Amino acid sequence: MFRWDRLTCASALGYCLLVAGLSVGVVLGELRDEFHISGVVAALHGSTFGIGLLVAGVYGVAVVDRIGRRRALQIAAASLAGGVALFCTGPTWQLTLLGTAFTGAGGALLVMVMPGLISDHHGEHRAEAFAAVNGAPGAAGVAYSLVIGGALTAGWSWRPPYLILTGLVVVALAIVARPVPIPHSARHGAFSLRHFRDRGVLVPWLHIVNAVLAEFSIGIWAVTYLREVGHASAGLAPILAAVFGVMMFATRVSIPLLLRWWGDATVAISFAFLGLGAAVMCLAPGAGWKTVGLVIVGLGAAPLYPLTVDRFYLRAGYALDPVALGAYCALASGVAVTLGPLALGVLADAVSLRWALLIVPALCALGAFTQRSSS
């Protein structure tokens, strides 16, 4: 039976620190106004995480083999914290982008190591553990949205609250994680990308790519979308966007219930909800209805990553050890996180941000169809 313990809490806090690195989406609109940057440059602030994941997916196994899981996680946390500090204090978009490069590298290393660690620690209960640990970032995302939105509403800068929240997460992580023993992972064979030739590895890997493409693209642009398309104020947009984190948190902790209701169809149904929510955001008038769409998006998006990762571990575990599985997951997320926000940014510059969002229902239709046929 799944249970919360000190390692699980430390893992959840690690993902909360990852949220600090990914919360740049909350202030993308502010950066666009402050530095007069295009949609592509704004999107690059989110895509640096994906670039880091690509590097981690290819080279991360050798790094973890050399320095071990504990040191890798320590480096990841330091890189995330330092990157956020640079992002919050950078006076030019070049420096804020460099800050996201550090957070991207640290987040990538964390994402590569963490799934295998959770799997080794919780064994057959890993699906519940993935869902529980990935629920914590939703709560952290809500905190960032509400606190930063409140600061902007009051006419203050977003930078101090962003830094303070991240500092609190770093302190909590240091206190909880320091005495925790890290489980050792058995390795069998050198890491190689040749396993992509194996359909049992490639197909569930592509499912992760599709899930993250759909979820992350809309997540990184949600605040900017509500502000520029829904015409919410600079302070109100992050507060409204907090519903995404609320729904992500509430739905992820309810995944065991959803699995009992929907069984193998859970992923396909989740894709359908996510696509519906994105369509509502695009077509419905006003910030209020677009926020309703974002609620539906959060409901649909929440189960996708933990469940597609769990399916990948189930289907590809015969060919890959836990560290290699984590690298493949990092590579999948890297492809999606690099391409998703950037594609939305390119489309936003070409056809406007409103219509660019229709790429998400298209991805969801593909995901629902392929997951329906594989259920």
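Colleague: Which elements each supply at least two residues of the lining of the largest pocket?

Modeller: This is a predicted model. In it, α1, α3, α4 and α6 (159-177) each give the lining of the largest pocket at least two residues.

Colleague: What volume does the largest pocket have?

Modeller: About 440 Å³. The lining has 18 residues, and those closest to the centre of the pocket are Leu73, Gln74, Leu173, Ala177 and Arg178.

Colleague: How do the residues of that lining divide by class?

Modeller: There are 13 nonpolar residues, three polar and two charged in the lining of the largest pocket.

Colleague: And the second largest pocket, how much space lies in it?

Modeller: The second largest pocket holds about 250 Å³. Its lining is made up of 16 residues, with Gly52, Val55, Ala105, Gly106 and Ala108 nearest the centre. Two or more residues of this lining come from each of α3 and α4.

Colleague: Which element gives the most there?

Modeller: α3, which contributes 10 residues to the lining of the second largest pocket. By class, that lining has 10 nonpolar and six polar residues, and no charged ones.

Colleague: Which residues lie nearest the centre of the largest cavity?

Modeller: Val19, Leu22, Glu215, Phe216 and Phe244, out of 30 residues that line the cavity. The elements that supply two or more residues to this lining are α1 (6-22), α5 (126-153), α7 (199-228), α8 (236-253) and α13 (322-351).

Colleague: Where does the largest share of that lining come from?

Modeller: From α7, with seven residues.

Colleague: How many charged residues are in the lining of the largest cavity?

Modeller: Two charged residues, alongside 19 nonpolar and nine polar ones.

Colleague: What about the second largest cavity, how much space lies there?

Modeller: The second largest cavity has about 50 Å³. Gly21, Leu22 and Val24 are among the residues of its lining, as are His45, Gly46, Thr48 and Phe49.

Colleague: Fine. On to the aromatics: how many aromatic pairs does a search of the whole structure find?

Modeller: The search finds 10 aromatic pairs. One of them is Phe312 with Tyr313, an edge-to-face pair whose centres are 6.5 Å apart and whose planes make an angle of 80 degrees.

Colleague: Are Phe312 and Tyr313 buried or exposed?

Modeller: Phe312 and Tyr313 are both buried.

Colleague: Which residues form one aromatic cluster with those two?

Modeller: Phe196, Trp205 and Tyr328 form one aromatic cluster together with Phe312 and Tyr313.

Methods:
Residues numbered from 1 in each chain as written. Predicted model: local features only at pLDDT ≥ 70, side-chain atom pairs only at ≥ 80, totals over all residues. Heavy atoms only, no water. 1 Å grid on protein atoms, 1.4 Å probe; cavity = no way out; pocket = protein on both sides within 12 Å on 5 of 7 lines; lining within 4 Å. Helix = DSSP H or I, 4+ residues; strand = E, 2+ residues; numbered from the N terminus. Nonpolar A, V, L, I, M, F, W, Y, C, P; charged D, E, K, R; others polar. Points joined across faces, edges and corners; volume = space filled by probe spheres on them. Phe/Tyr/Trp six-rings, centres within 6.5 Å; stacked < 30°, edge-to-face > 60°. Buried < 20%, exposed > 50% of the residue type's maximum accessible area, 1.4 Å probe, protein only.
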